[in-house]
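The terms are defined as they come up.

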Amino acid sequence: GTPDFLRAQGAARGFAVEIVDKIVADAEGSLEAVSSTLIRRALEAGDVARAAHLLGHPYLVVGTVEHGAKLGRKLGFPTANIRLDPSTRLAHGVYAVRIRIDGARRDGVASFGVRPTVDDGPPLLEVFVFDFSGDLYGKTVEVDFVAFLRPEARFDSLEALIVQMRRDEDEARRILR
């Protein structure tokens with residue numbers, strides 16, 4: 001509602017209303033009102049750094065780790081698979097991430113998308129947690145998106161995908177130091 005509507009409802013229902021000035025963010029020298037639309041546009045572009053600036057904290061998702069096809073494990077990159085809400089506007093691609101598991105923060109690299117080299121399935125977040133071994137199935141985890149590494153891509157072979165995954169891991173480790 002409008003500020004006037006909120007003031008009237010507050011008076012009628014007994015709650016306080018304080019109207020604050022719009023929060024603005026500097027975007028390449030210009031000022032603009034921070035809005036959910038602006039944040040969604042940043043996420044759609046994979047610009048998680050801009051989204052974090054606008055939000056005041058990293059963009060994050062919370063989800064339960066599910067069983068998958070276990071292909072990542074066979075490729076040397078076991079992943080925590082998390083289904084995000086279908087309305088998620090995050091760009092499909094690879095990200096440097098931080099994941100909270102049982103309250104402990106770990107670094108990792110994540111792919112969000114349809115896995116075009118493997119199956120073109122429904123969008124899935126797959127997080128490879130660095131230097132971790134353990135059972136995450138059924139655990140609720142929180143994933144902070146730190147940096148966009150590259151868009152999702154189709155590779156000619158699983159071997160080519162593995163080579164790129166190693167590059168992605170190296171780049172994410174460098175960023176998260």
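Buried means under 20% relative accessible area, exposed over 50%, and partly exposed in between, with a 1.4 Å probe and protein chains only. Strands (E, at least two residues) and helices (H or I, at least four) are DSSP runs numbered from the N terminus. By these terms, 8 of the 9 residues of S5 are buried, so S5 is largely enclosed by the rest of the structure.

The model is predicted: local features need pLDDT of at least 70, side-chain atom pairs count only at pLDDT 80 or more, and totals for chains, interfaces and linings use all residues. Residues are numbered from 1 along each chain as its sequence is written, and side-chain values use heavy atoms, without hydrogens and water.

**Barrel**
- Six strands form a closed barrel in the order S3-S4-S7-S6-S5-S8, with antiparallel pairing; two strands pair if DSSP finds at least two bridges between them.
- From one strand to the next, the twist averages 40°, where axes are lines fitted to C-alpha atoms (for helices over the stretch in contact) and angles run from 0 to 180 degrees between N-to-C directions.

- S5 (residues 93–101) pairs with S6 (residues 104–113) in the antiparallel sense over 9 bridges.
- In S6, Val109 is the bridge partner of Ala96, and Gly108 is that of Val97.
- The S5–S6 hairpin has 2 residues between its strands, and Asp102 in the turn has a positive phi of about 50°.
- S5 also pairs with S8 in the antiparallel sense, over 8 bridges.
- In S8, Phe145 stands opposite Val97.

**Helix**
- Helix H3 (residues 48–55) lies across S3 (59–66), S5 and S8 (140–151) and runs at about 130° to S8; contact means heavy atoms within 4.5 Å.
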